[in-house]
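Here is a short briefing on one protein structure. Keep the sequence and the 3D view open as you read.

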Amino acid sequence: MQQVNRVLVTGGTGKTGRRVVQRLHDAHLPVRAGSRSGTPPFNWQERATWAAALQDIDTVYITYQPDFAVPGAADDMHAFSTQAVAAGVRRLVLLSGRGEDEAQRCEQIIQQAGVEWVIVRASWFNQNFDESFLLEPIIAGQIALPVTDVKEPFVDADDIADVVTAALIEDRHVGEVYELSGPRLLTFPEAVAEIAGATGRDLQFMSITPEQYTGFMRAGGVPEESIWLVNYLFTTVLDGRNATLTDGVPRSLGRAPRDFREYARLTAARGVWHNSLPRL
Ligand SMILES: NC(=O)c1ccc[n+]([C@@H]2O[C@H](COP(=O)([O-])OP(=O)(O)OC[C@H]3O[C@@H](n4cnc5c(N)ncnc54)[C@H](OP(=O)(O)O)[C@@H]3O)[C@@H](O)[C@H]2O)c1
């Protein structure tokens, strides 16, 4: 096990970061949650905030915002890793996305930073259905997306957090690229049907064109840069290129990943898909 002094978890209140922070707390390891609301604040778009977040840090979990596909991401990754190494960081663990050329370019930057590295390259998260933009449509009972029968091996954020936490604190993961998927390929209508089964609700799935989806997002006041990003993910990454299962979870943890049905059962039991709409 690495002698971990202090870990910086960027996106420390987000879907995977929050879970990693909790696991490090539970292991009584000192951790700093880095995000715009953190102390000190950390903002990918304001490089002046990076130095304070990196002070007295040994190990960093990097979750980039908003996405590696946005212009400037590779430049940020280069600048951040250079600054982190200069500040004394000895290990970088990167959350990357499957099938995204821009993310793979950022992986190479981390691999060439001159310190220990682990790459965690994830499929679509289950938690997009309850902690992100798919929550509201599910509560409303109607999910309209610009996808038809493309299959995705949705992976659970708890599995990602387990893999990342091990990568942060155990030496045997250094130099590994873990490609993470769940244990089953599902289409989006099939995933919604799983949630309908778990909640006992009647959920309608409708396949729409990217143009119609853009129109819905604009009408809902979604900012243009977010519309661009969501369209990129649905039209470029969700073209079937990731429709295979991978062995990252068993290879890292020695156990199977959580199935979407189990995720849906556990999440339905928390009641989030029945609640009135929260502000995201
Ligand atoms: N979602 C997926 O299915 C998926 C799949 C594969 C890879 N990924 C990758 O995973 C990464 C995280 O994506 P996610 O969707 O799971 O998001 P997330 O981690 O849930 O994002 C929210 C977190 O990011 C922080 N944050 C937001 N803007 C920030 C900024 N400008 N500077 C610093 N921190 C900021 C938020 O805290 P504050 O509000 O306090 O700043 C919060 O901690 C992305 O790089 C994405 O490409 C996602």
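A crossing of two helices is called right-handed if the near helix is turned clockwise from the far one by less than a right angle, and left-handed if anticlockwise. With that term in hand, look at helix 8 and helix 9: their crossing is right-handed. Bear in mind that this is a predicted model.

- Zoom in on one pair: strand 3 (residues 59–62) runs parallel to strand 4 (residues 91–97), with 4 bridges between them.
- Find Val 60, then look across to strand 4: its bridge partner there is Leu 92.

**How helices pack**

- Two numbers describe a pair of packed helices: the angle between their axes and the distance between those axes.

**Helix 8 and helix 9**

- Helix 8 (residues 210–219) packs against helix 9 (residues 224–237) at an angle of about 150°, and their axes are 11 Å apart.
- Angles over 145 degrees count as roughly antiparallel, so helix 8 and helix 9 are roughly antiparallel to each other.
- On the helix 8 side, the contact is made by Pro 210, Thr 214, Met 217 and Arg 218.
- On the helix 9 side, Ile 227, Val 230, Asn 231, Phe 234 and Thr 235 take part.
- By class, the residues of this contact between helix 8 and helix 9 are 5 nonpolar, 3 polar and 1 charged.

**Helix 3 and helix 4**

- Helix 3 and helix 4 (residues 101–111) pack at an angle of about 15°, and their axes lie 9 Å apart.
- Angles under 35 degrees count as roughly parallel, so helix 3 is roughly parallel to helix 4.
- The crossing of helix 3 and helix 4 is right-handed.
- Helix 3 brings Ala 73, Ala 74, Met 77, His 78 and Ser 81 to the contact.
- Helix 4 brings Glu 102, Arg 105, Cys 106, Ile 109 and Ile 110.
- The contact of helix 3 with helix 4 has 6 nonpolar, 2 polar and 2 charged residues.

**Helix 1 and helix 6**

- Helix 1 (residues 17–26) and helix 6 (residues 157–169) pack at an angle of about 50°, with 9 Å between their axes.
- Helix 1 and helix 6 are therefore oblique to each other.
- Helix 1 passes helix 6 in a right-handed crossing.
- From helix 1, the residues that meet helix 6 are Arg 19, Val 20, Arg 23 and Leu 24.
- From helix 6, they are Ala 157, Asp 158, Ala 161, Val 164 and Thr 165.
- The contact of helix 1 with helix 6 divides into 5 nonpolar, 1 polar and 3 charged residues.

**Around the ligand**

- There are 25 residues around the ligand.
- Gly 14, Ser 35, Arg 36, Ser 37 and Gly 97 come nearest.
- Sorted by class, the shell around the ligand has 8 nonpolar, 14 polar and 3 charged residues.

**Backbone details in the loops**

- Thr 39 and Pro 40 are joined by a cis peptide bond, with omega about 0°.
- Pro 40 sits in the loop between strand 2 and helix 2 (50–54).
- Another cis peptide bond joins Gln 65 and Pro 66, and here too omega is about 0°.
- Pro 66 is placed in the loop between strand 3 and helix 3 (73–86).
- His 28 is a residue other than glycine with a positive phi, near 60°.
- Look for His 28 in the loop between helix 1 and strand 2.

Notes: Residues are numbered from 1 along each chain as its sequence is written. This is a predicted model: local features need pLDDT of at least 70, side-chain atom pairs count only at pLDDT 80 or more; totals for chains, interfaces and linings use all residues. Two strands pair if DSSP finds at least two bridges between them. Helices (H or I, at least four residues) and strands (E, at least two) are DSSP runs, numbered from the N terminus. Axes are lines fitted to C-alpha atoms, for helices over the stretch in contact, and angles run from 0 to 180 degrees between N-to-C directions. Angles under 35 degrees count as roughly parallel, over 145 as roughly antiparallel, 65 to 115 as roughly perpendicular and the rest as oblique. Two residues are in contact if their C-beta atoms, placed from the backbone, lie within 7 Å. Ala, Val, Leu, Ile, Met, Phe, Trp, Tyr, Cys and Pro count as nonpolar, Asp, Glu, Lys and Arg as charged, and the others, Gly among them, as polar. A residue is near a molecule or strand if its C-beta atom, placed from the backbone, lies within 6 Å of it.
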